[in-house]
Amino acid sequence: MEDVARAAGVSKATVSRVLAGIPNGATEATAQEVRRTASALGYVVNSLASSLRSRQSFTVGLVLADVSNPFFGRIASGVEARLSQKGYSVILGNTGNDIARERAIVRVLVEKQIDGLIVAPSTTASEHLREAQERGVKLVLIDSEIPDLAADSVTIDNEGGARVAVEHLLALGHRRIALVSGPLVASFDVQRRDGYYAALRAAGVAPDPSLVVPGDLCVDGGRDAVSRILRLQPRPTAIFVSNNMMALGAMVALAEAGVAVPEEISVVAFDEEDWYAITNPPLTGVANSAFDMGQGAAGFLLDAIEAAMPRDQRHERLPAALSLRASTRRLRALQAVAAPEAALGGDR
């Protein structure tokens with residue numbers, strides 16, 4: 001570092017901060033000269049030594065439930081975009097919605113002396129996260145909350161988004177509406193189920209537990225759940241699917257069974273994806289703000305790391321809006337397809 005400083009004509013402190021990506025008042029020309037000189041001299045930052053001196057590793061752990069899900073990919077992009085501006089690196093852990101795996105990943109990250117954790121929890125279990133906090137690791141929850149854990153959180157309005165989706169189906173005349181839920185062990189999943197129930201009750205429709213069919217939050221789970229729903233008698237006229245991956249499985253199951261959407265069954269799904277607009281038919285979905293969630297969680301974490309004194313917890317809940325497409329249809333129009341003679345002269 002002294003060699004780089006001497007060759008570039010700057011102080012050793014300036015070299016340290018420029019190469020760590022920390023703003024230090026140096027002009028862009030000076031910063032470029034420092035980086036060019038370091039490259040020419042073959043200098044590589046010893047991040048371990050730096051963290052030992054500063055007691056800060058400038059590393060954050062990001063623990064996600066399913067990195068194969070594009071939703072979590074957008075969260076990761078938002079987190080990395082925000083943290084990289086401050087010179088932080090991100091270590092990614094994938095739990096596969098397995099709490100044992102989540103505990104193991106958190107333990108390893110804490111041992112690596114990370115400065116903070118952003119976690120999308122698999123369940124409401126909290127002891128491993130509380131232990132990380134006790135060791136000085138700052139924590140932010142994303143996508144799901146843990147009621148008994150004192151931690152900042154950034155989530156979507158899961159209950160409100162689910163309620164709007166089911167209200168849309170109710171407004172189209174549907175009353176027998178099935179729900180493809182997740183395993184109901186994380187708060188977002190329970191909140192979406194609660195929004196489904198709330199919409200039904202507000203419309204005077206008594207919830208039918210047989211219409212709530214759990215999946216595993218993956219494609220096969222959605223496919224299996226809808227296959228079971230299609231065997232119900234009488235068959236539901238609409239389905240609300242509580243996440244994007246199960247929505248894909250649901251559409252596959254309906255196509256395999258030869259059930260036309262929306263002519264025979266209307267479908268709405270949570271977690272808006274680009275492919276919702278290009279399915280046949282295009283899928284009505286509840287839009288999420290995954291990238292914004294990631295940026296918000298990273299911002300909360302940076303504030304916590306940089307705070308000189310403890311501060312109050314912060315909780316942000318982003319809105320979830322419904323994007324209307326062609327996968328839903330008014331119930332009377334659906335019934336007209338099933339029994340045209342009964343709908344002569346009817347309102348379609």
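Tutor: One definition is needed at the outset: the expected span of a helix is 1.5 Å times one less than its number of residues. Please also bear in mind that this is a predicted model.
Student: What span should helix α3 have, and how far apart are its end C-alpha atoms?
Tutor: Helix α3 covers residues 28–41, so its 14 residues should span 20 Å at 1.5 Å a residue. Its end C-alpha atoms lie 20 Å apart, in agreement with that value.
Student: Which residues of α3 are buried?
Tutor: Ala31, Val34, Thr37 and Ala38 are buried in α3. Viewed down the helix axis, the buried residues of α3 fall within an arc of 130°, so they line one face.
Student: Why would residues three or four places apart point the same way?
Tutor: Because an α-helix has 3.6 residues a turn.
Student: Which residues are exposed on the other side of α3?
Tutor: Ala29, Ser39 and Ala40 are exposed there. The cover over the buried residues of α3 includes α1 (2–8) and α2 (12–19).
Student: Changing topic: how do α8 and α9 cross?
Tutor: The axes of α8 (residues 158–171) and α9 (residues 187–202) come within 7 Å and cross at roughly 40°. The crossing of α8 past α9 is right-handed.
Student: Which residues make the contact?
Tutor: Among them are Ala162, Val166 and Leu170 of α8, together with Phe188, Tyr196 and Leu200 of α9. By class, the contact of α8 with α9 comprises nine nonpolar, three polar and five charged residues.

Conventions:
Residues are numbered from 1 along each chain as its sequence is written. This is a predicted model: local features need pLDDT of at least 70, side-chain atom pairs count only at pLDDT 80 or more; totals for chains, interfaces and linings use all residues. Side-chain values use heavy atoms; hydrogens and water are left out. Helices (H or I, at least four residues) and strands (E, at least two) are DSSP runs, numbered from the N terminus. Buried means under 20% relative accessible area, exposed over 50%, partly exposed in between (1.4 Å probe, protein chains only). The arc is that of the directions from the helix axis to the C-beta atoms. Contact means heavy atoms within 4.5 Å. Axes are lines fitted to C-alpha atoms, for helices over the stretch in contact, and angles run from 0 to 180 degrees between N-to-C directions. A crossing is left-handed if the near helix is turned anticlockwise from the far one by less than a right angle, and right-handed if clockwise. Ala, Val, Leu, Ile, Met, Phe, Trp, Tyr, Cys and Pro count as nonpolar, Asp, Glu, Lys and Arg as charged, and the others, Gly among them, as polar.
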